[in-house]
Each structure stands twice: as C-alpha cells, then as structure tokens.
Amino acid sequence: MRTGRPREFDLDQKLDSAVLVFWRQGYEGTAISDLTDALGINRPSLYAAFGNKESLFRRVLERYSEQRAVYLLESLKEPTARSVVEHLLRGASEATTGRGLPNGCLLVQGALATGPDSDPIRQELDASRRSGEAAIQARLRRAQDEGDLPPDADTAELARYVCTLLQGIAVQAAGGATRAQLYRVCEMTMAGWDTLVAASTS
C-alpha cells in the first residue's frame, strides 16, 4: 500500500518561525508569502501542515501563550494581591522586551488593525485578553476572602486597571521603551498600591 510522503521539517520549529512573523507584523499585516519565506516551505506544504492562515494563527497563539505568557500563571501564585500585581507588571515588562525577539505582545498587537474578514481573529484575541482579566479578578477576590484586600474593594475595577497597565506596557515596549523604563513604571505603580486599593472601594 502506498503511503504519503513524510514531512521533511520539524513542525514545532516552523511554528516558532510563524510566531515571530505574526508577532512582528500582526495578523492583518502578514501575507502567506511572508510565512512561506520565513518558514522556508511552499504554499502546499504550509497548508498541509497548518491549514489556512487563520488556523495557523490560532496555533501560533497557543504556542505564544505557552512560551511567552507563562508569567501570568506564575504571578497568580504569589501570596498577596500586591505581589501578584507587582509580578504581573514586571513579568509583562520582561516578556515584551526579550532580547532577540520582537518587542511588544502578540496578543495585544496581533489584531489592533483588522478588517471585517479578520473579525473572528480580533474576537478571539479579545476573548483571550478578557480571560486573563477574569483570572486576575478571581485571584483578587481570593485575596479579599483571605483578608488581604478590603471587603469593599472593587476587584473588577482593580483587575481592569491592572490589565490596562499590562496592555500599556506592551504598547510602550513595541514603541521602543526599554525594560528599565518599564520597570520604573512598575515601581511607580506599586508605590501607590495602597492608594489605588483605597480608590477602588465603594
């Protein structure tokens, strides 16, 4: 019985190359020719291995989250709400300014400018960011239950504020801000942590 010709390339390696292309150029700004050039394979091989551009991008998002967004899960394990937020901000500063990697965040930049045809991708990225915000709020609620935050603190408001900072860090990094400059933003934020928590109380 005749069998299909085996692939002659490493799928994970090619996927990592695709991550870098989408990270630099965003979803809309990436053409199939950009991907075939970067991956060193032709269109039929690309489609056979990963499907169309949309399905490849979904694989890229999973890969990116596994490799570059692990700081989110690690931060949520911190013992206090303050240390959770501090580690989130510092982790974002590090993840968006990695040496030899594109600056910024794929989840933030991936679909900042998309047309109607790319709306499913924009919605998926929005859902991913909302999921992260929900995870942060859940951790802050736990801190509230443990007496680490005031019972009348608005955890949804705090989580939204933190996520706004995280996304701002990504945009600043994409614009050329250095890790040291972003660390300073973290320090300024944490210096006003008690005031921030008090401002969120109803």
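**Entry 1: Leu20 and its helix**

I looked up Leu20 and found its place in helix α1, where helices (H or I, at least four residues) and strands (E, at least two) are DSSP runs, numbered from the N terminus. This is a predicted model, in which local features need pLDDT of at least 70 and side-chain atom pairs count only at pLDDT 80 or more, while totals for chains, interfaces and linings use all residues. I also note that residues are numbered from 1 along each chain as its sequence is written, and that side-chain values use heavy atoms, with hydrogens and water left out.

For α1 as a whole, the 15 residues should span 21 Å at 1.5 Å a residue, and the end C-alpha atoms are 21 Å apart, which agrees; the expected span of a helix is 1.5 Å times one less than its number of residues. The buried residues of this helix are Lys14, Leu15, Ala18, Val19, Val21, Phe22 and Trp23, and what covers them includes α2, α3, α4, α6 and α7.

**Entry 2: α1 against α4**

Next I looked at how helix α1 (residues 11-25) packs on α4, and found an angle of about 95° with the axes 9 Å apart. Here axes are lines fitted to C-alpha atoms, for helices over the stretch in contact, and angles run from 0 to 180 degrees between N-to-C directions. The two helices α1 and α4 are therefore roughly perpendicular to each other (angles under 35 degrees count as roughly parallel, over 145 as roughly antiparallel, 65 to 115 as roughly perpendicular and the rest as oblique).

On the α1 side the contact includes Leu15, Phe22 and Trp23, and on the α4 side it includes Leu56, Val60 and Tyr64. I recorded the residues of this contact of α1 with α4 as nine nonpolar, one polar and six charged, where Ala, Val, Leu, Ile, Met, Phe, Trp, Tyr, Cys and Pro count as nonpolar, Asp, Glu, Lys and Arg as charged, and the others, Gly among them, as polar.

**Entry 3: α3 with its partners**

Helix α3 (residues 43-50) and helix α4 (residues 53-68) have axes that come within 9 Å and cross at roughly 55°, and α3 and α4 are therefore oblique to each other. The residues that make this contact are Leu46, Ala49 and Phe50 of α3 and Ser55, Leu56 and Arg59 of α4, and they divide into four nonpolar, one polar and one charged.

I then turned to helix α2 (residues 32-39), whose axis comes within 10 Å of that of α3, with a crossing at roughly 90°. In this case α2 and α3 are roughly perpendicular to each other. The contact is made by Ile32, Ser33, Leu35, Thr36 and Leu39 of α2 together with Arg43, Leu46, Tyr47 and Phe50 of α3.

**Entry 4: α8 and Gln137**

Which residue did I pick in helix α8 (residues 119-145)? I picked Gln137, which is found in this helix and is buried, with a relative accessible area of 16%. Not counting residues up to four places away in sequence, Gln137 touches Thr155, Ala156 and Ala159.

The 27 residues of α8 should span 39 Å at 1.5 Å a residue, and its end C-alpha atoms are 39 Å apart, which agrees. Its buried residues include Ile121, Leu125, Ile136 and Leu140, and the elements that cover the buried residues of α8 include α4, α6 and α9 (155-174). After α8 comes Gly147, whose phi is positive, near 80°.

**Entry 5: the chain**

Last, I noted that the secondary structure of the chain comes to eleven helices and zero strands. Buried residues make up 42% of the 202 residues in the chain, and the C-alpha trace spans about 70 × 40 × 30 Å along its principal axes.

Conventions: Contact means heavy atoms within 4.5 Å. Buried means under 20% relative accessible area, exposed over 50%, partly exposed in between (1.4 Å probe, protein chains only).
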